[in-house]
Amino acid sequence: MAFTGCHRAVPPSFSPGEELLKLTEGLEDEEEIAIYQDLQGQVTAVLREHAGTPEKPLLLGNREPTDAENGQLKRGYQLYSKYCVQCHGVNGDGNGAVAEHLNPKPRNYTHGIFKFTSTPYGHKPRRSDLIHIIKRGVTGTSMPSFDRFSKEDLEAVVDYVLVLAYRGELERALAMIAYDDEELPDEEGIEEVVESILQPWRDSSTELVMPVTMMPPMTEESARVGHQLFLKHACNKCHGMFGRGGSMGNVEVGADAWGYKTAAADLSSGMFRGGGRPLDIYRRIHSGINGTPMPAFEKLFAENPDAIWQLVHFIKQTGNRRRLGLEPLGEADLPPGLEVPVAAMAEATNKEAPEAEKSDVAEPKETAEADDADEDKAEGEVEEPAEKASDKTEEPAKDATEESSDQAP
Ligand code: HEC
Ligand code: HEC
């Protein structure tokens, strides 16, 4: 994949991003074209000044790096060119050579939006989040794990990801200003734009989401209460009655911030993009997933933080079922009195749900409330969910990778 050893006459260079190109899109008037082409040139020059070139990158806000910092950035560039560029692209816009064939698409860093953070909804990731995700990879997607990178290499490649993310954010901001004002700000104005990009990144370094309560013991009962909460709070609207969500392909949840069609996670797959530790799942529910339709439930559960743990237990349990070869949850596992919408049952019981049911999203039902009193029973007993092990191999290795036929627009 890497171009090591082969002599290149032309050094790699950043190319104008989509927002910048839009400036001249559809223009006919020659004078206007000239004005905007000139602005594009100015933006490119500012970007070069503040973010450098691929081979001589600069971290935004640090135009005079020390030798050590320079060395780390150079190393970051080398690693990125060898291990990441084919997917994430030279600009970090997710348009690498092989991206076309991947679903989900490699992250486009240029919006500065990252999914799997330990920060509240809408916040930037912490540096440690980026390091963590690169080390761990994104389970169930093509994003590999780079757990053999040394600590130094991880730091270096994260620096380079940040170079690209900051640069992308600056480019978008400048393109927007050029579009609105037909001119770029003076040097001082540019510094202000740079600050406005960097500040949220600095802020996030002190924003760590930690559970307010310790995780209660995971029991069959806590998982059951979790299932009730799941239905009560309409998680099923996107994930389906039993959490099987996107793998069914029949729940439309809309596009993500990067413009691609997205699907709710199949929580029963036991594979979690954001990590499978209870704390990871807790954070996904608490903070939502930036850039995707997955909402944050922090406020909803502010008064009852254990509810998030109960949801975690339900989700862990559905995941375990498949791994342990247990029968998937079915109608009998639903709380009594819950009216099951027909379409949702079809989804739950028939993996090959016919096309016609495509957009039938189960509407949330409030009927689970009657069982709330049971919540208190969840204490005490530590016990692995001991469901009747069934020989029904009804749902063996339905591949849950979600890398299905969804073709992005
Ligand atoms: C084979 C393709 C591929 C390669 C190679 C690859 N990635 Fe990714 N990467 C992806 C995909 C796909 C995603 C998006 C996963 C998702 O949206 O759930 C991703 C996501 C990411 C994210 C965003 C995580 C978040 O929280 O939003 C980061 C950061 C990242 N990759 C860094 C890297 C780095 C650094 C390298 C090289 C060391 C690399 N990737 C190599 C495919 C790849
Ligand atoms: C509006 C639709 C929607 C609703 C409502 C919703 N989710 Fe999600 N959820 C999503 C989408 C979409 C994803 C996948 C995001 C991605 O990675 O692209 C997701 C992902 C997740 C994940 C992360 C799984 C992983 O792979 O790491 C968890 C956990 C989760 N949802 C739990 C819940 C729970 C619990 C509720 C209810 C309290 C809920 N969701 C409600 C759409 C939704």
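Q: What classes of residue make up the shell around ligand 1?
A: The shell has 18 nonpolar, 4 polar and 3 charged residues. Keep in mind that this is a predicted model.

Q: Which residues are closest to ligand 1?
A: C84, C87, K115, F116 and M143 are the closest. They belong to a set of 25 residues that surround ligand 1.

Q: And which elements give two or more residues to that shell?
A: Four helices: α3 (67-83), α4 (85-88), α5 (127-136) and α6 (151-181).

Q: Let's stay with α3. How far apart are its end C-alpha atoms?
A: They are 24 Å apart. α3 has 17 residues, and at 1.5 Å a residue it should span 24 Å, so the two values agree.

Q: Which residues of α3 are buried?
A: Q72, L73, G76, Y77, L79 and Y80 are buried.

Q: Why do residues three or four places apart point the same way in a helix?
A: An α-helix has 3.6 residues a turn, so residues with that spacing point the same way.

Q: OK, and what covers the buried residues of α3?
A: The cover includes α4 and α6. Both α4 and α6 also give residues to the shell around ligand 1.

Q: New topic: ligand 2. Which residues come nearest?
A: C235, C238, F272, G274 and M294 come nearest, out of 26 residues around ligand 2.

Q: How does that shell divide by class?
A: Into 17 nonpolar, 5 polar and 4 charged residues.

Q: Which helices supply at least two residues there?
A: α9 (236-239), α10 (278-287) and α11 (306-323) each do.

Q: Tell me about α11. Is it mostly covered or mostly open?
A: Mostly covered. Of the 18 residues in α11, 14 are buried.

Q: What about its reach from first C-alpha to last?
A: α11 reaches 26 Å, close to the 26 Å expected at 1.5 Å a residue.

Q: What follows α11?
A: G325 follows α11, and its phi is positive, near 75°.

Q: Zooming out, how many helices and strands does the protein have?
A: It has 12 helices and 0 strands. Read along the sequence, the pattern is α-α-α-α-α-α-α-α-α-α-α-α.

Q: What share of the protein is buried?
A: Buried residues make up 38% of the 409 residues.

Q: Last one. What share of the contacts comes from residues 24 or more positions apart?
A: They account for 69% of the contacts with a separation of 6 or more.

Key
Residues are numbered from 1 along each chain as its sequence is written. Chains are lettered from A and ligands numbered from 1 in the order in which they are written. This is a predicted model: local features need pLDDT of at least 70, side-chain atom pairs count only at pLDDT 80 or more; totals for chains, interfaces and linings use all residues. A residue is near a molecule or strand if its C-beta atom, placed from the backbone, lies within 6 Å of it. Ala, Val, Leu, Ile, Met, Phe, Trp, Tyr, Cys and Pro count as nonpolar, Asp, Glu, Lys and Arg as charged, and the others, Gly among them, as polar. A residue is buried if 20 or more other C-beta atoms lie within 10 Å of its own, exposed if 12 or fewer, and partly exposed in between; C-beta atoms are placed from the backbone. Two residues are in contact if their C-beta atoms, placed from the backbone, lie within 7 Å. The expected span of a helix is 1.5 Å times one less than its number of residues.
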